Each structure stands twice: as C-alpha cells, then as structure tokens.
Amino acid sequence: MGLAATLVSIYLALTGAPLPMQVRAYDQPTWSVSHSGAKAVSAPTGEKPESKLWWHDGFWWGNLYSPTAQQYRIHRLSLARRAWIDTGVSADDRSGSKGDVLWDGTHLYIVSQVFTTSASPTLSNWGRLYRYSYHAASTRYVLDQGFPVTNVTRGKSEALVLAKDSTGQLWVTYVEAGRVMLNHTIGSDMVWGEPFLLPVDPAVVTVTSDDIASVVAFQGNKIGVMWSNQNTHQMYFAVHRDADPDTAWQLDEAPLPGDPCRSRCADDHINLKAFESDGSGRVFAAIKTSQTDDDQPLVMLLVRDRGGIWQSHVFGRVRDEHTRPIVLLDEQNGRLYMFATAPESGGAIYYKSSDVNAITFAEGRGDLFIGHTGAGRVNNATSTKQNVSGFTGIVVLASDDVGNYLSGYLRLGNAQPQLSSYEYILPFVRR
C-alpha cells in the first residue's frame, strides 16, 4: 500500500468520515483541454446565447467535444485536478453541431443544431433534443428512452436556445430564413409541434441572416424572447404568459435604442438571465451594439423590471473592443458578473462585477479572467443558465482558434464549493 493510501485508511479509521476536500482559491486560473478533430466545429463554446455548462450534485459539468470520440460528450470538472473528465456519455455526434444546455433539477436537457451562418429549412439534420436522468450512485447521466427527439426545428440555425416554463412545456427559439421562429413541446418532452413565426408585428420579426434570438423563463409564469434586428437597428423583447395560447405575445417597448444608445443599437450578441428568488422578476440581457465611435457604448447590460421597464448600463465602449458578452447572477451575494472577449478578433476573456441593485461598471476592458500563453486567440465565453452562489463559484469555458478549450474558476463570497463526497484528496496545503 502506498503512502497516500495508508494515510487515507488511517484517517477513515480514526474519524469514520471521508477526507475533507481542499479547494484552492484559484482567482483567475486558466487550464486547457483539446477540442481539435476532424468533425469538431470551430468555436465549440459558441454561440452567444447558448450555455454549455451546468452545476449539479456538487460539480460543474459541461457539454464538450471529444476529439477522440469525435462527438460531444458530457464532462465533469475536477477543480482539484483542474481537469475536465470525459464521462463517456454522448450528446451529439453530428459534424458541425452546437448545443444549449438546461438542467431543471430533475432532468438534463441538451438541444442541438447543425450550425450555419445562413439558416434555412432543410430536409434533414434538424434541431434535436436529448434528455438525461442523473444516477447519483454512479455520478453519471443516462440518456432517457426515446431520445433524442429529432424534429425540434425543421432546418439548420446559427443559435438554438431552450427554456422551460412553469407548466413544464419546453420552448426553443431561433432565426431561420430571416424570421424569428418558435417551437414548443405538446404534453410530453418527446412531442413537438410545428415551428411557427413569433406572433408579433411582422416588421420587427423579419430580420437579417446575421441576427439571432434567445429565450428565458422568468417571474414564475412567463417566457420572454429577445432578438436582434439589424434591419431596424433595434433590440426587441416579447413576453408570453404560460397559461396563454400560442398567439398571445406582448411586445415590449424596445429595450434599445434609448439612452445612451440612439442608433445602430443591434448586433447578433444576446445572453439572457433572470432573477429566481428575490421577487423582483428582473430580466438581464448582455448585448452588443453596432456603434463605431470610440466613446460610444459597444457592449451593454439591459435590465427589465417587473413592470416591463428597461434600463441600460454601459459595460464597455467601442475603444475597449469587447465582444460576445455573457452575464451571470449571484443572488446570494447580490452581485452580477459580465464576461467578454477583447479584442473583437479574439485574444482573452475579461470580466467586470457590480452590485446587482446599483449597477455600474468601471471603464476599460476589466480584469483578465482567461488568458492564453500559446499562439491561439481565446474567444466565445460560455457558462450556465443557472444563477451562481458561494457554493458553486463561477466557471467560464472558452475556446481558442488552435483547438483548445480554456477554463477559469472564480470563488464567490466566503463559502467553499460543495463537492461530492468521492472527489476527495489528501488535506495538504499547496504552496
């Protein structure tokens, strides 16, 4: 028996308890794993509204591409080893696909699409839905019988985003052939309806091939869809009450333009979150404009209050060269975090934080979160749909242009992450 095993045996015999997990407070770490491979799509951590990570059972998990298996697989993050561990569970084996992940507390959902920058109807390779159940004893997800469902959409798309309403109905939104589209389940996760055009003013849901849409569940009984429209140079948001028919949607007053963005206020960058427990019913949207003057806002945070009134906050200006922003909410500590790439051609991931009830961001690019010591340019930050806390910390995943995933972990508040019991190491102090 080796020394480590002997010490473990002695500890267990004396205390009857598993070894305590020692988690180093990695402030802005970076570690990588390869995603290169013949079938890997470029930028597997894109697209902007999609989430690739989730937190469950004391672990961060991810839908990452495996170059060995040439397919997406569910991975588990070991903070102790600073490594993503391939669990061998497949998510999508199609060439050029990307996915969006939702953990609802009971099931894991992965909706995936074959990526294209010019979305259109196709005869095959439609959007798919995978659903998994979690087996705690084996710390493993298992694909449920009857999945994947292969008719979620009727074509390819740039981004495909999933949400679940209070009735248990699943919704997706995407842009296809220059129109903002929706679909949802009917009575079962396995039964999907026919995709339909978002039923508001046709002029605002007729968009360019470069525009995207996203969807979020909020206030306990609503679904909201945000989309960019580079024809009108505006961002829009429409609301559906869960109990209403499919045709009943309320178009908000446009979140942008408005102070401080008066023109060219739309670009295809959207990332949505909502507060779940503070009663405010707020929706948060990290977006990008198309402005070009150095002092004009380029990346912004839009916040919708319970009454449907929007306010905007400047995260970065044109001179900061931010792109592909995401937002994460820490309800426990009353803070929010935004992450974005700079420069726009790719380079590194930066972040800023703010009090969620008095939002303000410092000027400049922010603090470095994920850098790169090699030749590749880092881009496309992604994380989770869930709100974070001192127990989860924050994990952000990005990818570079030479075939690597890169990850960063940020501890929040004073609480240590709660990791599952078998993920123990000897209690030594790293120096």
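The model is predicted: local features need pLDDT of at least 70, side-chain atom pairs count only at pLDDT 80 or more, and totals for chains, interfaces and linings use all residues. Residues are numbered from 1 along each chain as its sequence is written, and side-chain values use heavy atoms, with hydrogens and water left out.

The secondary structure comprises 2 helices and 28 strands. Both are DSSP runs numbered from the N terminus, helices being H or I with at least four residues and strands E with at least two. The protein has 431 residues, and 57% of them are buried. Buried means under 20% relative accessible area, exposed over 50%, and partly exposed in between, with a 1.4 Å probe and protein chains only. A contact joins heavy atoms within 4.5 Å. Of the contacts with a separation of 6 or more, 55% are between residues 24 or more positions apart.

Strand pairing was examined next. Two strands pair if DSSP finds at least two bridges between them. An open sheet is formed by 4 strands in the order 10-11-12-13, with antiparallel pairing. Strand 10 and strand 13 (196–197) are its edge strands, and each pairs on one side only. Strand 12 (residues 179–184) pairs with strand 13 over 2 bridges, in the antiparallel sense. Here Met-181 has Leu-197 of strand 13 as its bridge partner.

Strand 27 (residues 394–400) and strand 28 are also antiparallel, and they pair over 6 bridges. Val-396 is bridged to Gly-408 in strand 28. Strand 28 (residues 404–410) is largely enclosed by the rest of the structure, because 6 of its 7 residues are buried.

Aromatic contacts follow. A pair of aromatic rings is described by the distance of the centres and the angle of the planes. Rings of Phe, Tyr and Trp (its six-membered ring) pair if their centres lie within 6.5 Å; planes under 30 degrees apart count as stacked, over 60 as edge-to-face and the rest as tilted. The whole structure contains 19 aromatic pairs. One of them, Phe-339 with Phe-369, is edge-to-face, with 5.0 Å centre to centre and 65 degrees between the planes. This pair links distant parts of the chain, 30 residues apart: Phe-339 belongs to strand 23 (residues 335–342) and Phe-369 to strand 25 (residues 367–370). Phe-339 and Phe-369 are both buried.

Ring pairs also join Trp-54, Phe-59, Trp-61, Trp-103, Tyr-134 and Tyr-141 into a cluster. Over the ring of Phe-59 sits the charged end of Arg-76, 5.3 Å from the ring centre. Lys-98 places its charged end over the ring of Phe-115, 4.2 Å from the centre. A charge sits over a ring if NZ of Lys or CZ of Arg is within 6 Å of the ring centre and within 35 degrees of the ring normal.

Pockets and cavities were located on a 1 Å grid over the protein atoms alone. A cavity is a set of points where a 1.4 Å probe fits but cannot get out, and a pocket is an open set with protein on both sides within 12 Å along at least five of seven lines. Lining residues have an atom within 4 Å of a point. Grid points are joined across faces, edges and corners, and a volume is the space filled by probe spheres set on the points.

The largest pocket has a volume of about 570 Å³. Its lining has 30 residues, of which Leu-102, Lys-164, Val-216, Ala-217 and Glu-276 lie nearest the centre. Strand 6 (97–103), strand 10, strand 14 (213–218) and strand 18 (270–274) each supply at least two lining residues. Strand 14 gives the most, with 5 residues.

The largest cavity has a volume of about 30 Å³. Among its lining residues are Thr-45, Glu-47, Arg-324 and Asn-380. Strand 22 (323–330) supplies the largest share of that lining, 3 residues.

Two loop residues complete the description. Asp-144 is found between strand 9 (140–143) and strand 10 (161–164). Asp-144 is buried, with a relative accessible area of 12%. Not counting residues up to four places away in sequence, Asp-144 touches His-107, Arg-131, Tyr-132 and Ser-133.

Ala-266 is in the loop between strand 17 (250–251) and strand 18. Ala-266 is buried, at a relative accessible area of 1%. Ala-266 and Ser-228 are 38 residues apart in sequence and 5.6 Å apart in space, C-alpha to C-alpha.
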